[in-house]
Amino acid sequence: MNFLRGVMGGQQTSGAQQSGTQTIQKLCDRVASATLLDDRRDAVRALKSLSKKYRFDVATQAMDHLINVLQTDRSDSEIIGYALDTLYNIMSNDADETAESEDENQQIAPDDLGVQFSETFINQQENITLLLSLLEEFDFHVRWPGVKLLTTLLKHQGPQVQQTVLVSPMGVSRLMDLLDDSREVIRNDGLLLLQQLTKSNAAIQKIVAFENAYERLLDIITEEGSSDGGIVVEDCLLLLQNLLKYNNSNQNFFKEGSYIQRMKPWFEVGDDNSGWSAQKVTNLHLMLQLVRVLVSPVNPPGATNSCQKSMFQCGLLQQLCIILMATGVPADILTETINTVSEVIRGSQVNQDYFASVNAPSNPPRPAIVVLLMSMVNERQPFVLRCAVLYCFQCFLYKNEKGQGEIVATLLPSTIDANALSAGQLLCGGLFSTDSLSNWCAAVALAHALLDNATQKEQLLRVQLATSIGNPPVSLLQQCTNILSQGDKLIRRGSKVQTRVGLLMLLCTWLTNCPIAVTHFLHNAANVPFLTAQISENLGEEEHLVQGLCALLLGICIYYNDNSLENNTKDKLKQLIEKRIGKENFTEKLGFITKHEFYSKAAQKPQPTFSSPDHMLFDHEFTKLVKELEVVITKAIYKSSEEDKKEEEVKKSLEQHDSIVSHYKSIIREQDIKMEEFKQTIASLQSTNEQNQSTISLQLGQIQQHKDQYNLLKVQLGKDSQHHGSQNSTTQMNGFQPEDVSRLKGEVEELKRQQDILQGELSEKNVLIESLQQSQVDGQTDQMTEEIQKELETLRSQLHVQSAEINRLQAERMELLQKTETSGSLSASGDSSVNSQSNTEMEQKVAELLKEIAGLKEHLKNQSEEKSSWKQQLDTAQSTAAILQDENQKLKQEVTESKKEQDDLLVLLADQDQKIFSLKKRLKELGEPVEDEDDMESGDAGDEDDIDDDDEDDVRDEED
Amino acid sequence: MAYAYLFKYIIIGDTGVGKSCLLLQFTDKRFQPVHDLTIGVEFGARMITIDGKQIKLQIWDTAGQESFRSITRSYYRGAAGALLVYDITRRDTFNHLTTWLEDARQHSNSNMVIMLIANKSDLESRREVKKEEGEAFAREHGLIFMETSAKTASNVEEAFINTAKEIYEKIQEGVFDINNEANGIKIGPQHSTPGSPGSHLGGQQAGGGCC
């Protein structure tokens with residue numbers, strides 16, 4: 001500290017400069033050579049304290065050392081802070097430099113010094129990179145001077161520093177982080193830094209926007225109290241303006257990010273307006289300007305239009321209109337609000353319609369347009385405000401045929417409302433007032449109601465004015481020309497040029513592209529002589545513009561002349577120019593318009609801005625009109641009458657062509673309409689197709705469901721058939737799968753086979769029963785067998801019927817299978833209507849089949865029951881047959897037994913016969929007479945033998 | 001307009017591969033055949049729906065020329081998704097992918113979803129890079145792959161939407177820190193989901209952002 005005191009002390013004594021330089025030299029040496037950090041730090045601190053007073057010396061001698069410190073002593077934030085502070089003092093021009101009055105280098109302006117030193121510093125690009133990396137240091141003593149230093153560098157050497165920041169990978173985002181710094185000083189100085197950084201560098205502007213700048217800045221503005229906030233709000237708004245102005249990409253991002261909606265609350269300023277501080281006025285001014293940046297007429301039309309839309313949708317326009325109609329708003333805020341509203345509605349039909357509906361909160365309520373026009377034609381209102389109202393009116397009418405019609409209508413006899421003050425009345429009043437500014441504004445405003453609108457040009461011809469009591473009414477057109485030609489009288493009113501320029505612009509706009517208006521104008525015999533007189537006279541420079549405009553008006557009278565007036569045909573007017581003015585002279589005078597000093601300024605942008613009321617001469621739209629007309633009028637003047645005729649012919653043929661073209665156009669339009677219709681039908685067809693396809697898929701799903709159900713049924717039926725016996729199974733099946741069918745076929749075959757076996761068995765049994773029948777003694781068995789036979793017969797026939805039915809069902813199934821297949825393929829091909837029909841048919845059939853199947857099942861069940869009963873009967877029959885056989889056996893046994901007895905008897909008989917015969921012989925020998933009876937008996941016995949033999953044979957047969 | 005999430009994308013790749021055309025096709029549904037060199041970076045936006053949620057995509061279309069490389073690098077860090085585009089009719093644009101990828105990985109946050117886009121698939125006759133090669137490259141570097149045509153609009157929607165889906169899934173998984181807007185993700189003003197994973201602070205954030 002002693003050392004420092006010594007330095008300061010030495011400085012205050014005489015020869016301060018000398019010792020200062022030496023001290024700085026010493027300090028620099030110390031910074032360079034000291035091994036102890038503390039020493040170096042003290043030296044830098046001393047340099048810092050000298051840097052304001054001995055700015056030049058410190059800069060020239062110490063800069064390299066300071067940069068070296070920044071590179072090597074990064075670990076000590078204190079010394080870095082001193083170094084940065086020193087550098088800032090060297091670069092900055094804000095510092096108090098009165099102390100340097102005796103400086104030997106005082107001839108170098110201080111502004112240049114800062115720029116020079118900055119250049120020296122940034123010559124080494126690494127220095128900026130170094131500075132950027134130092135900004136990452138959180139320590140206040142480093143970050144704050146760092147921010148200030150970089151801001152100063154940007155101020156002095158913007159483009160180079162910007163370029164370096166741009167190429168360092170995290171450069172911009174690091175600087176953006178400053179906005180999040182909790183220390184307000186750094187955040188606020190960060191804002192200033194970003195302002196400098198984003199100046200006219202679109203690439204950086206975009207990156208800053210990408211790094212969420214809108215979000216952060218809007219948050220800060222809200223935190224600070226919007227328009228009631230301090231200078232920080234102003235800085236935020238300036239930065240936002242930097243980001244958005246002329247940067248379409250950023251504007252688009254702003255709109256897409258829904259940030260326009262967040263602007264609306266800015267304009268919710270209370271009506272009481274207790275205080276309008278200077279800061280609040282500045283803030284609101286910048287806010288309004290920010291709105292204008294987004295809807296500026298120089299932006300691409302699409303971009304402006306979408307911003308206008310969202311400004312209406314979020315209520316921002318409505319909010320602005322409230323300010324517009326509020327009382328106590330400072331004039332310049334009101335003016336800027338009017339300009340802002342103008343650009344928000346310009347060319348946007350919805351917004352224009354809304355604006356037309358806005359009413360001032362007066363009693364009775366008046367339309368805002370009327371209130372504004374009152375200000376425009378009021379001499380006591382500020383000039384800029386009157387210009388703003390004119391701009392607003394122009395923007396309201398821009399590309400707004402409806403609005404144009406409404407304004408003109410307020411002047412027409414049929415719609416005029418005598419009680420209320422109308423826009424038209426105000427305009428007429430302005431047109432013929434004694435204030436030339438009002439004359440000009442009213443004329444231009446009226447001209448805008450006619451721009452590109454042939455209907456309104458013709459309508460306005462109908463307007464009649466009652467000039468004074470007793471005189472007949474005069475047409476508006478006539479009154480305009482009257483005032484023009486009475487120019488002498490106007491001299492007394494001051495700036496007569498302004499009035500005449502205004503009226504001439506109105507007339508030129510009116511007559512352009514409107515032959516009827518030209519005819520009306522030429523009908524007044526005084527007009528043409530007046531114009532030719534004006535053009536041909538050799539007047540002073542201040543009259544040049546009026547002369548030019550007169551030439552333009554005369555040219556329009558020629559160019560848009562339909563030759564309906566014999567005295568004023570194209571040819572005659574041209575001859576007049578040639579004789580009275582001369583073609584060269586005429587075109588020279590015509591050229592006065594575009595050569596006028598204010599012409600090009602007005603041509604630049606739509607907003608009427610004039611440095612002083614006297615300069616209010618050109619209207620933007622009118623300059624466009626002049627550009628178009630100057631060429632065609634010059635051509636028209638130089639053309640000979642023959643050429644004119646040719647032209648006429650060409651025109652006619654062109655008209656023909658036009659009609660042909662319009663014919664084709666109409667055809668094209670029709671075709672367009674048809675195409676549109678076709679497109680619609682295609683669209684509807686497509687949608688129905690889609691619907692159909694969805695129903696198809698739905699139905700396919702249903703079919704699948706049905707299939708699944710069938711399969712389920714099949715499985716169930718398969719189980720059933722196991723219970724019911726194999727005969728039934730086939731008929732119950734109703735599957736669609738071919739393998740099922742084949743399986744069914746197999747089952748049917750099996751059935752048939754079984755049937756055959758059964759039949760075989762039956763026939764066998766038949767034979768048996770027949771044979772039994774034959775041998776039957778018992779009649780009952782015979783009957784039984786017959787019955788059984790019958791029953792079997794019926795069973796057989798039933799079986800036949802059943803097999804026939806099975807066959808039929810099989811055939812049906814095949815059919816169904818085919819149908820499902822075809823329907824499946826159909827549905828795949830997408831012919832939905834047919835498919836759905838067939839589907840329903842199918843479904844019906846399926847249902848029928850299901851029913852039939854159920855019926856058949858029932859039937860089969862019955863039959864199988866019957867069959868089983870038959871079987872039982874058959875069994876009983878068989879058992880009876882067996883019983884019968886047994887009996888038969890018994891009978892046979894009895895027969896054989898009786899046969900044996902018979903044989904025995906026969907043997908006995910034969911023995912007795914023998915005995916009888918021998919006894920007869922003896923009797924005969926004995927002489928006893930023998931009766932014939934014995935012969936008879938023997939004869940009988942022989943017969944009996946024969947019978948027995950027969951019986952024996954039968955039994956034998958039976959036994960065989 | 002209300003949205004649940006906002007994702008920031010960048011489109012990168014060599015000059016003339018069709019980056020601007022992809023964006024134009026996605027945002028305006030039209031194709032601009034004339035090559036209009038992008039200066040620096042251009043912005044575009046569109047709303048999409050994923051999983052029934054409105055998602056706003058903000059897309060920065062970068063200039064492919066080398067001279068703009070340093071500018072475009074500034075956009076990597078703040079992006080949640082990147083479309084890396086090459087031209088299937090120009091092999092060199094495919095060969096440069098490694099450089100682009102290195103650049104992107106170096107400057108972006110590690111969770112950035114990168115989709116590899118093989119553009120101009122309509123020019124099959126002039127194809128120089130096979131689809132398989134693109135797929136292989138994507139597989140090797142862990143990218144999603146898609147062949148598109150900005151001219152015919154084929155797969156253009158899908159490219160942007162699939163990238164968004166990937167990001168959305170990562171959010172659901174809690175990979176992304178949605179509270180840090182520097183990641184290129186923002187929660188919509190009306191969207192406060194205290195239940196969704198990793199967003200227990202998200203509700204507060206959303207509340208702060210809506211006023």
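Which residue in E3(B) is the bridge partner of Ala45(B)? In E3(B), that partner is Gln58(B).

Good morning. What we see is a predicted model, in which local features need pLDDT of at least 70, side-chain atom pairs count only at pLDDT 80 or more, and totals for chains, interfaces and linings use all residues. Residues are numbered from 1 along each chain as its sequence is written, chains are lettered from A and ligands numbered from 1 in the order in which they are written, and side-chain values use heavy atoms, with hydrogens and water left out.

Let us begin with chain B as a whole. Chain B contains 7 helices and 7 strands, where helices (H or I, at least four residues) and strands (E, at least two) are DSSP runs numbered from the N terminus. Along the sequence, their pattern is β-α-β-β-α-β-α-α-β-α-β-α-β-α. Of the 211 residues in chain B, 55% are buried; buried means under 20% relative accessible area, exposed over 50%, and partly exposed in between, with a 1.4 Å probe and protein chains only.

I now turn to strand E3 of chain B, residues 53-62. In E3(B), 8 of the 10 residues are buried. Two strands pair if DSSP finds at least two bridges between them. Strand E1(B), residues 5-13, runs parallel to E3(B) and is joined to it by 7 bridges; here Tyr9(B) stands opposite Ile59(B). Strand E2(B), residues 41-50, pairs with E3(B) in the antiparallel sense over 10 bridges. These two, E2(B) and E3(B), form a hairpin with 2 residues between them. In the turn, Asp51(B) has a positive phi of about 55°.
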